[in-house]
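Reader: Let's go through this one together. Show me how to read each feature, general idea before the case at hand.

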Amino acid sequence: MLGPVILAASRSDRMRRLVSAAPVTKQVVDRFIPGETVGEILPVIDELTGNGLELTMDVVGEDITTPEQATAARDAYLELIGRLGPLELGTRAEMSVKLSMFGQALPGGHDRALANVRPVVEAAAAIGTTVTLDAEDHTTLDSMFAIHDELRKDFPQTGCVIQAYLFRTEEDARRLAANGSRVRLVKGAYKEPAEVAHQQKHEIDKAYVRILRTLMEGEGYPMIGSHDPRLISIAQELARTAGRKLDEYEFQMLYGIRGEEHLRLAAEGHRMRVYTAYGTDWYGYFMRRLAEKPANLRFFLRSVIGR
Ligand code: FAD
């Protein structure tokens, strides 16, 4: 019951100010967002890659309101890519971007987001890596998929995310599986109405398995974005049945969640990519992590009231 309330709060400016100003918030946030600057995140990248893990880097931020913020977002990614280049990690460190942070919701937003994200994709390709377009709320997805198609004309490795809770996703998955895309499948983290999305966990899980089968049997590269142990073992089974080798799909999990499982899958020979977020505009990302597991909220509140 708490999840939808927290997700509604994730879009509230008043809650943003309250949560951000809470005296110990930062300590709790660090579990999920282990740095605010490129300088702080580089040692984290070093540690994760040293443990045999791969990364997808997210500069936190979304729902920006001015064109200047959109270009600042682009520049933040370009700075990161500039610092990753000399490390020669190639695809071991890719980028994840939210198009709302690149101006998608501003006037002329579709073209603006494309214009801002393209240099990031070009810079990533120049250091031998790639970019994945995160999925945000359902109203943004037609534009996201169109930008994905556009970028793939020059950079076919550009990935995108699909959300199992949306009714539309089974069809999106068939298209992306047929055109050979890199696709991350997740359950979905936004508050979506019953007209467009499954609301029950078991319905979402069943849809996840159907969609994953489509991706595994298709021509693309499936990226399994989940911490759910049941779905992870089903994914391994589906990959085997589809005859995929270990380097023909990958697992992805979020930094700070089930860290021991990251290491276990990597030790089994799987490609395991950790979604690692950093930056100062962490509110929306943090609130979605609280909504996914209400125990996180209890921990957060206990730390705020000092018990
Ligand atoms: P759940 O059933 O929610 O969780 C399974 C188990 O994992 C839980 O029992 C718990 O032990 C653990 N767990 C899960 N979440 C948490 C948490 N926050 N804190 C502590 N433990 C937790 N969603 C989008 O809508 N768009 C995206 O672009 C997107 N990108 C993602 C990228 C990656 C790599 C991952 C892993 C997730 C992404 N998500 C995205 C979030 C996703 O939609 C889910 O909200 C999230 O992954 C929780 O679902 P789950 O599959 O882990 O299953």
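Author: Start with residue classes: Ala, Val, Leu, Ile, Met, Phe, Trp, Tyr, Cys and Pro count as nonpolar, Asp, Glu, Lys and Arg as charged, and the others, Gly among them, as polar. Keep in mind that this is a predicted model, where local features need pLDDT of at least 70, side-chain atom pairs count only at pLDDT 80 or more, and totals for chains, interfaces and linings use all residues. Residues are numbered from 1 along each chain as its sequence is written.

Reader: Which order do the strands of the barrel run in?

Author: In general, strands of a sheet pair through backbone hydrogen bonds, either parallel or antiparallel. Here eight strands form a closed barrel, S1-S2-S3-S4-S5-S6-S7-S8, with parallel pairing (a pair takes at least two DSSP bridges). Neighbouring strands of this sheet are turned by 30° against each other on average, direction ignored. Between S2 (residues 93-97) and S3 (residues 131-133) there are three bridges, and serine 96 stands opposite threonine 132 in S3.

Reader: And how do I read two packed helices?

Author: They're described by the angle between their axes and the distance between the axes. Axes are lines fitted to C-alpha atoms, for helices over the stretch in contact, and angles run from 0 to 180 degrees between N-to-C directions. Take H5 (residues 67-84) and H6: their axes are 9 Å apart, at an angle of about 5°. That makes H5 roughly parallel to H6, a label for angles under 35 degrees; over 145 is roughly antiparallel, 65 to 115 roughly perpendicular and the rest oblique.

Reader: What angle do H6 and H7 cross at?

Author: Roughly 40°, with the axes of H6 (residues 109-126) and H7 (residues 141-154) coming within 11 Å. That makes H6 oblique to H7. Residues meeting H7 include His110, Ala113 and Leu114 of H6 (in contact means C-beta atoms, placed from the backbone, within 7 Å). This contact divides into six nonpolar, two polar and two charged residues.

Terms used
Helices (H or I, at least four residues) and strands (E, at least two) are DSSP runs, numbered from the N terminus. Two residues are in contact if their C-beta atoms, placed from the backbone, lie within 7 Å.
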